[in-house]
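Please review the following briefing alongside the sequence and the structure.

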Amino acid sequence: MFMFGKNTVYWLAWVALTGGLVAFFLLRLFAENPEEDKTVFLPGHTSDGHYQIELACNACHTGPYADRDAMQQACEGCHGAALKEAKDDHPKSKFTDPRNADRIAVLDARYCVTCHVEHRPEITGAMGVTVPADVCYLCHADIAEDRPSHEGMAFDTCASAGCHNFHDNRALYEDFLVKHMDEAATDIEGRLLQANLRDIVEQLPDYPLDQHPLNPVDLAAQQWPAEVTVSEEITADWLASGHAASGVGCNGCHVATEDGEWLESPSHEVCASCHRGETDGFLAGRHGMRLDVEKIGQTLPAMQPASARLPMKSTAGAELSCQSCHGAHRYDTVAAPVEACLSCHDDEHSKAYEQSPHAALWLAEQQGEAEAGSGVSCASCHMPRFDRDYFWGTFTHNQVQHNQSANLRPNEKMIREVCLNCHGLPFTLDALADPQLIQNNFSTPPTVHVDSVDLARERAAPGT
Amino acid sequence: MKHLKKATLAMGLSTALVLPALVLGDVSDEAKFSPKQMTDWLHLVMSSDRTVYTRLIVNRLQNKEKVIKASEHFEDDKALVLPAQMFRFGAEMVGEQTDDFSYSLLSEWPINKQNAPRTEVEKAGLAYIAANKGENYYATEELGGTTYFTAVYADMAVAPACVSCHNDHKDTPRSDFKLGDVMGGVVIRVPL
């Protein structure tokens, strides 16, 4: 017969508490609702790059028993193309070569996670990832034999001094430094790439030119369901847009499915039917990564400025979509690159933009006082146009890079596609290495000096 | 034309014999070819393609017709890819797609020091092919817990462009190469 002892209450409480905890965790773990808060399972603060998708555990871990190779596939699924674009100096294939077996026994560079450990904020660096301090030294300890100028340099200064990157050295390699070492700080003749979609659209694969021939369309030819209210503001915005000038009427976006259903709020996938490259960039970048169901393997709610780690204005809009920046119907290419950014972003760098020399140039261009491409907007640096090759250079599309990561951290990524359009390399290296300039949006001369150009100059032309 | 015919024959042979052995390896337990045969054929294709590119593309267009230069920084300089780079890019692409074999271009006098011999077999092989012109070097070695059949083939200066580029490069440790010299070696590995 069951007897109540003096500890029975404690035992019952323990069983109840344990059962409750198990139920709590199981319900969260297997919840169908993707919005269910699973942050309780996070083993630590997620890096800035992955923060937005931290609730999609399987995006990286791929499954409960996923091994390192599966995780590597997940890394490459999102970051592989960018590494190729960056002409990665240390591709995986370099380390799968058996002759480097002794090296990978020390540092297994076949796997991203060897250097970049997630959920470890205490060792995550300013560039947003963890990196072993001696990563270069492990293979290049004898560099001073080839480069006497490197004698005595500390083992952890290769990257931190602004001279080298492990993956992307497109603007840092020695011959490039020599080629650009005598450039002036600023080239006032410098111009940024301009839109050329109209010029190359006939060659673009998958652009639905048959549905939207590049002829202007007028309001009289447009149709919409009787229950839909179309204001004068909407029609005026649309008539002034590139869409109306390029054969894209109401049904081009609002009736995008085969069944002819009217879509009240067309998604980014509708935009992608004409702007695939831009949409892919959006889905890979900070504004749209939560919506890339294919890559993260589940549906997450769209990012909201209020959820961002960066300071945002309290008046910032709700969920991010293409329309958040481009404005439905209006698709104003002048407002998007500055006004849209500053309507949300409220950090010191953003707040300093309007007083910067870049902003003055942008204003002059918009007021018709300066040539096209001479102004510098927020997007000029963070979402610049780049000449995307099609068919190995058969033609190029000056596409806007909607993936901010392509030009964010390390900021040397910006050098070739952004800064060198108007600035010399020595000035650029110094400016990007100066935290004060980043804070004041490049409004004062650099106070930091990176030695790499001097070292390259000394080797190329000693004593000059 | 003689070289072109050789190259075509080599590519045909390799396609007919080597690739089925690699691709269909899982469906047959019988070893069709020895590792030595396989590496010899692979090298024949590699060296033929490499020679054709060096002579008919780089040497002809750069040195003879002076139409375009070849440069290590071929994109920035709007130039041809160097023969050694073309070879390495191919090796990297193979490395991305299979572990069934790997290859690299090494030298006792490398412009990039990372391409100096590292393993004992690489060191012995490169020394052997330099000292015994016309001969190859074969050995087995264990790397990272796997045993490999490793073959080392001489890489010769087949065109004036090879000699001038290497002799004049600011990072070269040797500046007296002549046409026909052994400049390095192709190392092909097959896991056993």
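Two residues are in contact if their C-beta atoms, placed from the backbone, lie within 7 Å. By that criterion, 17 residues of chain B are in contact with eleven residues of chain A. This is a predicted model, in which local features need pLDDT of at least 70, side-chain atom pairs count only at pLDDT 80 or more, and totals for chains, interfaces and linings use all residues. Residues are numbered from 1 along each chain as its sequence is written, while chains are lettered from A and ligands numbered from 1 in the order in which they are written.

**Chain B side of the interface**
- At least two residues each are supplied by α3 (83-97), β1 (102-106) and β3 (146-156) of chain B; helices (H or I, at least four residues) and strands (E, at least two) are DSSP runs, numbered from the N terminus.
- The largest share, three residues, comes from α3(B).
- By class, this side has two nonpolar, seven polar and eight charged residues; Ala, Val, Leu, Ile, Met, Phe, Trp, Tyr, Cys and Pro count as nonpolar, Asp, Glu, Lys and Arg as charged, and the others, Gly among them, as polar.

**Domains 3 and 4 of chain A**
- The centres of domain 3 and domain 4 of chain A, taken over C-alpha atoms, are 38 Å apart; domain bounds come from an automatic or database domain assignment.
- Six residues from domain 3 of chain A and six residues from domain 4 of chain A form the contact.

**Residue D102(A)**
- D102(A) lies in helix α6 (residues 101-106) of chain A.
- D102(A) counts as exposed because it has 12 C-beta neighbours inside 10 Å; the cut-off for exposed is 12 or fewer other C-beta atoms within 10 Å, for buried 20 or more, and partly exposed lies in between, with C-beta atoms placed from the backbone.
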